[in-house]
Every structure is written in structure tokens, then in C-alpha cells.
Amino acid sequence: MRDRTRELRQQRDLQLHRDEIQELTQEIRCRLRALEPAQEEAESRSSIRARVKRTQHAALAQQLLALTGRCHEAQARFRQRRLERLRRQLHVAGSGPVTEEELEQILESGHSEIFISNVPDTSRALQEVELRHRELQRLERGLRDLGELFTVLGTSLEQQVGPWAAPEVTRVPHSCPITTLYLTHK
């Protein structure tokens, strides 16, 4: 569950970074448009100042284009890694072959966590296991108490049968056959 929380936080942070990058890109584009040589300077195209301005503007625009291209490539690589991870998870979970469209749908729906998709069922099963565990612990305590009771009874019986025991107790094995004969002949 902790991994799911971490991944959600990472996705949220990633989305915040994407939004920030888009805002910065728009702001830079607006500033570049403001720096773009105006049409009234068209007559002075041959002036050194106008050429430097156009060159600087073109270089900045080209750098912005390269940076946004790198950003889009990084996003595409990240998305591809997520698709591959999702495909591996589906394979491990025993799902059949999945098309690219189905993978895209799963990814877009936000339900890309295959292994924790049945969390309610899992928590219910966990509760049942915990209940059985408590029942087994109670049964084990009862058996332990019963064992202690037998130990105490055995000890007290041994004490009664010892050399200081009453004569009636020590003669029981000898008296039983005699009593049986007496009862059968009567």
C-alpha cells in the first residue's frame, strides 16, 4: 500500500512539473515574441543592430524548440517505461495478450496498479485470517491449561500413592481381583 501512495505522490509531482514546464514555455514564447524584430525595422534590415537582434532571436527560439523537444522525448520515454511495466505486471498476473489500445486505456484510466487492484478482497481475507489466528491462540491456551491440569493431577496422584499413602490406596491393585471374584460368585 505504501508503494501505491508513493506512486500517487510521484504522479502528482510529475503532473505539477509538467504544468510548470508548460507555463514557463508559454511565458518564454511570449517574451520571444516581444523580442521579435518589429516590421518597422524592416527598412533597416541591413543594419548591424537589426541583424544581431534577428540572430539572437533565432538562436533563442531554436534553443527553446530544442528544450521543449527534449522535454517531450523524456515524457515519451517515461510513458513507454510505464507501458512496459504495466505489460510485465499483466503478464505476471496471468492476463492474456493485451493490445496497445487496451494498455493505453488502462494507463489513461489511472488503474495501472495490477497487483493491488483487489485490495478490498485482500483486506477481508486478512480479517478472516486474523480471526482464525485469534481462535487458534485461544484453543492453544485452553490446551496448555488442560496440560497443566493433567500435570497437577498426576503429581497429586503420585504423592498419594507414595510410601506414606493410606493402606487402602496401596491395596487397590490387590483388592480389585478379589472384589471381582466376590461379585461374580454372589
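Which side chain does arginine 87 meet in a salt bridge? It's the side chain of glutamate 84, with 2.7 Å from N to O. Keep in mind that this is a predicted model. Here's a quick tour of the salt bridges, a helix crossing and a nonpolar patch.

**Salt bridges**
- The structure holds five salt bridges, if you're counting.
- In general, side chains of opposite charge can pair when their charged atoms come close.

**Where α2 meets α3**
- Helix α2 covers residues 48-92 and helix α3 covers residues 100-109; their axes come within 10 Å and cross at roughly 105 degrees.
- Because angles of 65 to 115 degrees count as roughly perpendicular, α2 is roughly perpendicular to α3.
- On the α2 side, the contact uses Arg79, Arg82, Leu83, Leu86, Arg87 and Leu90.
- Facing them from α3 are Glu100, Leu103, Glu104, Ile106, Leu107 and Glu108.
- Sorted by class, this contact has six nonpolar and six charged residues, with no polar ones.

**A nonpolar patch**
- Leu136, Leu139, Leu143, Leu146, Leu149, Phe150 and Leu153 make a nonpolar surface patch of about 730 Å².
- One of them, leucine 139, has its place in helix α4, which spans residues 119-161.

Methods. Residues numbered from 1 in each chain as written. Predicted model: local features only at pLDDT ≥ 70, side-chain atom pairs only at ≥ 80, totals over all residues. Heavy atoms only, no water. Patch = residues over 30% accessible without salt bridge, like charges linked within 9 Å, V, L, I, M, F, W, Y side chains within 5 Å. Areas by Shrake-Rupley, 256 points an atom, 1.4 Å probe, with all protein chains shown as cover. Salt bridge = Lys/Arg side-chain N within 4 Å of Asp/Glu carboxyl O. Helix = DSSP H or I, 4+ residues; strand = E, 2+ residues; numbered from the N terminus. Axes fitted to C-alpha atoms, helices over the stretch in contact; angles between N-to-C directions. Parallel < 35°, antiparallel > 145°, perpendicular 65-115°, else oblique. Contact = heavy atoms within 4.5 Å. Nonpolar A, V, L, I, M, F, W, Y, C, P; charged D, E, K, R; others polar.
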